[in-house]
Amino acid sequence: MLRLILGTDWIENREAVLRLIAGEVKKGIPGQILMVPELISHDTERRLAAAAGDTSSRYAQVLTFSRLAQRVCEYTGRGLDQAMDAGGRVVAMASAARQLSGVLKAYASVETNPEFLSDLVEAVDEFKRCCITAQDLLRASKESTGSFAQKLQELSLLMETYDALCAQGKRDPRDQMNLLLELLEDSDFAANHTLYVDGFPDFTRQHFNILAHFISSAPLVTVCLCCDRPGSELLAYEKAGETANMLIRYAKQNGVSVEVVTVPGRREDLLHTVRCS
């Protein structure tokens, strides 16, 4: 089942999630996972311990997406490959450009331009966040014309060569999410855990695919979003409202029941300001 907790007061939303987990901990139910962004993970761990008690770590844990990858690797008995740092990614992209030096035209000078190499690494990073592959870029180049088609084709070659180089050494950090999804699909990890998600207004395509797997496989997934309703038209809640809609659509398309819980906020003066903005 998918349960959405919606409310305009993010503090009240957070407390609602912590109370739910604390209730499961009190019952002694293991396998509770609270997913949060990296920036608030340590504070959330402290708050969960305060809400659920000293024994909470036996039944519940706070994870980020990267730490979830580590847990799933441990669960499946597979080691987590080391990831390259920012400098290593630039060097790998330079090596890819060097190998393609006789083919590249639009990006012929990229190998000797460090700033351009960094921009290419950022572009590849964004492609992977959106689950766009080298093959997708190649197909897009065939549907385009002129210099734009040439650039797409060369980007496809650069990305393919870059990935091949990464496969021979340290993994590109963005590929860890793809590995995580593969491990989840090949194991019963999701079926043995209850997932809570808080602190995200939206998700990258990679993260959404991971969340979608849990929705399809876990006994219960609870997602907390700061908005007044799914599909909210208020500017302050528009992104979270669209995320709620996406989750509901996915769940219904896959035969998963949906429950929407609205958390009343206590800061009505702030809500009034948001509505008037």
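A residue is taken as buried when its relative accessible area is under 20%. In this predicted model, A97 has a relative accessibility of 3% and therefore counts as buried. A97 belongs to helix α4, which spans residues 86–99, and, once residues up to four places away in sequence are set aside, A97 touches L104, V110, E111 and L158. The C-alpha atom of A97 is separated by 41 Å from that of E238, a residue 141 places away along the chain.

The largest nonpolar core comprises 42 residues, and those with the most contacts inside this core are L68, F214 and V223. Both strands and helices contribute: β1 (2–7), β2 (32–35), α3, α8, β4, α9, β5 and α10 each supply at least two residues of the core. For L68, when neighbours within four places in sequence are left aside, the contacts are with I33, M35, L63, L180, F189, I210 and F214. Apart from this core lies another, of 23 residues, which includes A96, L100, L117 and V124.

Aromatic pairing was examined next. The structure holds six aromatic pairs. One of them joins F65 and F200, whose ring centres are 5.7 Å apart and whose planes stand at 70 degrees, so that the pair is classed as edge-to-face. This pair links distant parts of the chain, since F65 is in helix α3 whereas F200 is in the loop between β4 (194–197) and α9 (205–217), 135 residues apart. Both F65 and F200 are buried. An edge-to-face geometry is also found for the aromatic pair of Y75 and F189, with 5.1 Å from centre to centre and 85 degrees between the planes. Because Y75 lies in helix α3 and F189 in the loop between α8 and β4, the pair ties together parts that are 114 residues apart in sequence. With regard to accessibility, Y75 counts as partly exposed at 35% relative accessibility, whereas F189, at 3%, counts as buried.

By residue class, the lining of the largest pocket divides into 14 nonpolar, three polar and five charged residues.

The second largest pocket has a volume of about 270 Å³, and of the 14 residues that line this pocket, the closest to its centre are F65, R129, R174, M177 and H207. Helices α3 (65–76) and α8 (175–185) each supply at least two residues of its lining, which divides into five nonpolar, five polar and four charged residues.

Conventions. Residues numbered from 1 in each chain as written. Predicted model: local features only at pLDDT ≥ 70, side-chain atom pairs only at ≥ 80, totals over all residues. Heavy atoms only, no water. Nonpolar A, V, L, I, M, F, W, Y, C, P; charged D, E, K, R; others polar. 1 Å grid on protein atoms, 1.4 Å probe; cavity = no way out; pocket = protein on both sides within 12 Å on 5 of 7 lines; lining within 4 Å. Points joined across faces, edges and corners; volume = space filled by probe spheres on them. Helix = DSSP H or I, 4+ residues; strand = E, 2+ residues; numbered from the N terminus. Phe/Tyr/Trp six-rings, centres within 6.5 Å; stacked < 30°, edge-to-face > 60°. Buried < 20%, exposed > 50% of the residue type's maximum accessible area, 1.4 Å probe, protein only. Core = buried A, V, L, I, M, F, W, Y, C linked by side-chain atoms within 4.5 Å. Contact = heavy atoms within 4.5 Å.
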